[in-house]
Amino acid sequence: MAQITVQWRPGGYVDLLCKYHVFIDGSKVGHIGRGEMLTISVDHGSHQVQLKLDWGTSPTVTVDLATDETRQLYCEPGANTLTALYYAMFRRQQYIKLTPTYLRRSSAS
């Protein structure tokens, strides 16, 4: 079984008390708060990952996974305390940064 892990990078004050909703292939699979990590088991193949908040989203990231692969993505606010209102109003689809990192094989075979 493949896995997708989303981890919130620490730091900053924007969205300090918020939780981002995690969507895989258009379905809500959970939420993540500051400093938290969420791991979701998925079938192998291609998946669309997106994070949402009431006033903004991340760009959609496509993740291609083999059977025992894990893809880790990091999220963080796309804005800082000075630009948060601008992003919420004019750059809603870049309000959250969602960055894929690396592939690794699961230890279970």
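User: Hi! Before we start, what does "buried" mean here?

Analyst: Buried means under 20% relative accessible area, exposed means over 50%, and partly exposed is in between, using a 1.4 Å probe and protein chains only. By that cut-off, 39% of the 109 residues of the protein count as buried.

User: Good. And what kind of model is this?

Analyst: This is a predicted model, where local features need pLDDT of at least 70, side-chain atom pairs count only at pLDDT 80 or more, and totals for chains, interfaces and linings use all residues. Residues are numbered from 1 along each chain as its sequence is written, and side-chain values use heavy atoms, with hydrogens and water left out.

User: How many helices and strands are there?

Analyst: The protein has one helix and nine strands. Both are DSSP runs numbered from the N terminus: helices are H or I with at least four residues, strands are E with at least two. The order from the N terminus is β-β-β-β-β-β-β-β-α-β.

User: Which strands does E2 join?

Analyst: Strand E2 (residues 19-24) runs antiparallel to strand E3 (residues 27-33), with six bridges between them. E2 is also antiparallel to strand E5 (residues 45-53), this time through four bridges. Two strands pair if DSSP finds at least two bridges between them.

User: New topic: where is serine 58?

Analyst: Serine 58 sits in the loop between strand E6 (56-57) and strand E7 (61-65).

User: Is that serine 58 buried or exposed?

Analyst: Serine 58 is buried, as its relative accessible area is 1%. Leaving aside neighbours within four places in sequence, serine 58 is in contact (heavy atoms within 4.5 Å) with Gln50, Leu51, Gln93, Ile96 and Leu98. Gln50 is the glutamine opposite phenylalanine 23.

User: Last one: what share of contacts join residues at least 24 apart?

Analyst: Among contacts between residues at least 6 apart in sequence, that share is 64%.
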